[in-house]
Amino acid sequence: MEFVIVWTMVELLFALILIVALGFVSAVFFEAYRRKNNNAHVEAPAIFEDPKSLKQVRCPSIFDPAEKYISLIVPAFNEELRLPGALEETMNYLQQRATKDKSFSYEVVIVDDGSVDETKRVAFEFVKKYSVDNVRVILLGKNHGKGEAIRKGMLHSRGELLLMLDADGATKVNDAEKLENQIHAAAKEEYKFGDSSASNSSFRISDIPIAAFGSRAHLEEKALATRKWHRNFLMKGFHLVVLLAAGPGIRDTQCGFKMFTRAAARKLFTNIRLNRWCFDVELVYLCKWFRIRMIEISVNWSEIPGSKVNPLSILNMLWELVLMSVGYRTGMWQIHS
Ligand SMILES: Nc1nc2c(ncn2[C@@H]2O[C@H](COP(=O)(O)OP(=O)(O)O)[C@@H](O)[C@H]2O)c(=O)[nH]1
Ligand SMILES: [Mg+2]
């Protein structure tokens, strides 16, 4: 009799595991299918308003020709405390560069998706101070995630080069020059710029698809030595999953400091489907698919208190990576060029 009960328990457990696994697989396929046409995205128009005149400003599109040299896209969610300092520093840097070099033009696009603190007010204060031509705010209403905020910012910016950077100033903005220099060098190489037979006059950096990934991989050894073993274990595990999902090429996919040429951004951000923490991994996958040249460049990085990453984000990361693998590998997610 006891023997029978034991087996019944094992069977029950087995059935339960089977049900959970089946449920998970169905959920993945359902969600991947739902995102088939990128329709998980927010297609609300991005409307910019000049807080001084209260007039609406025409919303640019990534398909328009560039009007600025560089756009900085800053995702900001509940950043009333961290945004002001980092943004002030960024604006000082940009203004200094513009004073020195008359051909340097810029814009900062802050994307807030439903912050419940004073982020919106803080951001609009910067618009007032620096004018709507230089600082713009996109409000997405409700929270969609960092990836979605960046996607929206990229699709409505005007730069030849587009830089995404975190609102906490974890990477100092002057490292942008490192990325710019490497992009310029790679572009020249790609088009044999040094070759006198190439036509230099028609050369526009915005037309050459290149992605520069800021990287903290050079800090990894030190981090491994100082962090708790379980965090290192998690990190190694994450690297392995990323490798399986997107393949090799970029050691640090998750750094918040990345620069794209307009041509690259147009291809990448019209296709991207992940909207939270793992959109960076999808960027790597898409770069490879499009054969967009990727460069990984070491940048400075400081851990700023107040991170929005929590244990739930880790589950979300795994979920997004599974979604992506299923979406692309089953052919459900088509890439449009
Ligand atoms: N718009 C938007 N930004 C987000 C969201 N989650 C994170 N961010 C932004 O992403 C950047 C990096 O976030 P942070 O919490 O510092 O991540 P960590 O540095 O990886 O620990 C910051 O600018 C955040 O405001 C979100 O849901 N929406
Ligand atoms: Mg941070």
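Glu189 and Arg293 join their side chains in a salt bridge, with N and O 2.8 Å apart; a salt bridge is a side-chain nitrogen of Lys or Arg within 4 Å of a carboxyl oxygen of Asp or Glu. Glu189 belongs to helix α5 and Arg293 to strand β9 (residues 293–298), so the pair links distant parts of the chain, 104 residues apart; helices (H or I, at least four residues) and strands (E, at least two) are DSSP runs, numbered from the N terminus. Glu189 is exposed, at 52% relative accessible area, whereas Arg293 is partly exposed, at 29%. Here buried means under 20% relative accessible area, exposed over 50%, and partly exposed in between (1.4 Å probe, protein chains only).

This is a predicted model, in which local features need pLDDT of at least 70 and side-chain atom pairs count only at pLDDT 80 or more, while totals for chains, interfaces and linings use all residues. Residues are numbered from 1 along each chain as its sequence is written, chains are lettered from A and ligands numbered from 1 in the order in which they are written, and side-chain values use heavy atoms, with hydrogens and water left out.

The count comes to 23 salt bridges. In another of them, Arg97 pairs with Glu180, the closest N and O atoms being 2.8 Å apart. Arg97 lies in helix α2 (residues 83–100) and Glu180 in helix α5 (residues 176–190), so this pair ties together parts 83 residues apart in sequence. Both Arg97 and Glu180 are buried.
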